[in-house]
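This report describes the structure shown below, from its overall make-up to individual residues.

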Amino acid sequence: MNKVSIKLAAYFFVSVLIMETILMFYLHQNIIHTRVEEEYARLLASGSNHRDVLEDNYSNMTLTHIALMETDGEREVVITDREGIIASSSNEKIAAIKQYNSILKDFDLVEDRILASDWKESPYIISAHPYKVDSNYAGYVVMFQSTRSIEQLVSKLNLHFGLAGGASVIVLFIIYAILSKFLTRPLIRMKEATEKLSKGEFDVSLPFVGNDELGELSGSIQKLASDLERLKSERNEFLASIAHELSTPLTYLIGYSKVAMRQELDDKERRHYLAIIAEESNRMKDLVKNLLELAKMDETTFTVSKKSFWVRPFFEDLHRLVGPSYKLKKLQLDLLCDEDFQIHADPVRLEQIVLNLLDNASKYSKEDTTVTLEVIKKEEQTVISVTDVGIGIPPEDIEFIFEKLYRVEKSRSRTSGGSGIGLAIVKELVEAHGGNIEVASSLGKGSTFTITI
């Protein structure tokens, strides 16, 4: 009993069966009780009517007439005097007459009464109706109602209720088949889909099953499959990118190391090749450092320790730090920070953000152009923008530039661009501060990165 369809059928069948049994039992007993009460009422009414006729016109003719009225029917009548002696009877062969005659002698009835009501054990239900004409004529009109009609009714009820019970079982199985089709089959498909996902097969397709909970579950599994497929693709691309980024400096390191070890090289050439080796080593060191930063962010192990500090000294220090590298690249870096105000942020992480943006701007800027770093206060927020007059970003690439290892230059040239990690780190750090970053770019005219914290 490990399948949900079988469990569902068992729970549904037992629940409905219990409810149906209770309702059928209640209905069965209620019908029988109502019918028996009707028979009691009819018997008392008939006996009362005979008693009234007898009191109004007591005579032998009346006695005979009352007896004839109940001949050849389901009821019998016996009229006795006060001592229990039979004065008239519709059927003198009734075995119960003698038994109830003796009971009547012990009673002093003053009103109509049911003497025998156990229709299950007795062939008759019996009622007694006392009459009194005068001091000489008094006694009882005793009515005998056969219980055959009640027994026939019960027998028919048992038959019909049995048929209804059997039909309900068939209906339950039909309902189970429908439920199995519309409820359990989608669940089975979802189970099969999750098994495929666990094996690394993410190409699954689930049919639309509605807008209810099953539909939401199906949609969630489908979305999970799509996300896993995307993550698998991103992982493969990530590994390919890392392999490429690491293999390039390693190739240069190995190649130029071999060249630098040649005996015939003079000192000038050797220093030249060693400088290239140092440059590629630093390049690889920066790449590994960025990868470690990215890994920490994915694992949410990095921390942001905010504190309040003045913006002008902070950005002037950054300007002095980055200025010399810009001059080497024949670029000018302008700092626009007219107002000195306090900012609540992590100075280490904010420095990392700005340095990444400035490094990014320097890589894509043309010689003899200006990069502008501007800091202003807008309402209760700090707005930091880095504007370059560089090559710009194609419109189709703008929405992807903050993704990990995404590079606009698909050729992965070493002459321009970075590893595609810097902007991903910037976005993570800005969002960790509760801020947001936007970019506006025009191809061939430059780009502006704007941070709001």
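Which residue just after α9 takes a positive phi? Gly434 does, with a phi of about 80°.

## Basis of the description

The structure is a predicted model, in which local features need pLDDT of at least 70 and side-chain atom pairs count only at pLDDT 80 or more, while totals for chains, interfaces and linings use all residues. Residues are numbered from 1 along each chain as its sequence is written, and side-chain values use heavy atoms, with hydrogens and water left out.

## Overall architecture

The chain contains 9 helices and 12 strands; helices (H or I, at least four residues) and strands (E, at least two) are DSSP runs numbered from the N terminus. Of its 453 residues, 38% are buried, where buried means under 20% relative accessible area, exposed over 50% and partly exposed in between, with a 1.4 Å probe and protein chains only.

Among contacts (heavy atoms within 4.5 Å) with a separation of 6 or more, 63% are between residues 24 or more positions apart. The chain exposes about 27200 Å², of which carbon and sulfur atoms supply 55%; accessible areas come from the Shrake-Rupley method with a 1.4 Å probe, and for residues only the protein chains shown count as cover.

Leu63 lies in helix α2 (residues 60-69) and counts as buried because its relative accessibility is 5%. Ile79 is 16 residues from Leu63 in sequence, with a C-alpha to C-alpha distance of 7.6 Å. Beyond neighbours within four places in sequence, Leu63 contacts Leu54, Tyr58, Ile79, Ala87 and Ser88.

Val141 belongs to strand β5 (residues 138-146), and its relative accessible area of 0% is why Val141 is classed as buried. Its C-alpha atom is separated by 6.0 Å from that of Val78, 63 residues apart along the chain. Residues up to four places away in sequence aside, the contacts of Val141 include Leu54, Val77, Val78, Ile79 and Tyr131.

In helix α9 (residues 422-432), the buried residues are Gly422, Leu423, Ala424, Ile425, Val426, Leu429 and Val430. An α-helix has 3.6 residues a turn, so residues three or four places apart point the same way.

## A negative surface patch

Glu316, Asp338, Glu339, Asp340 and Glu374 form a negative surface patch. Patch residues have over 30% relative accessible area and no salt bridge, and like charges are joined within 9 Å. Glu374 is located in strand β9 (residues 370-378) and counts as partly exposed because its relative accessibility is 31%.

Technical notes. Patches are made of residues with over 30% relative accessible area and no salt bridge: like charges are joined within 9 Å, nonpolar side chains (Val, Leu, Ile, Met, Phe, Trp, Tyr) within 5 Å. A salt bridge is a side-chain nitrogen of Lys or Arg within 4 Å of a carboxyl oxygen of Asp or Glu. Lys and Arg count as positive and Asp and Glu as negative; His and the chain ends are not counted. The place of a charge is taken as NZ of Lys, CZ of Arg, CG of Asp or CD of Glu.
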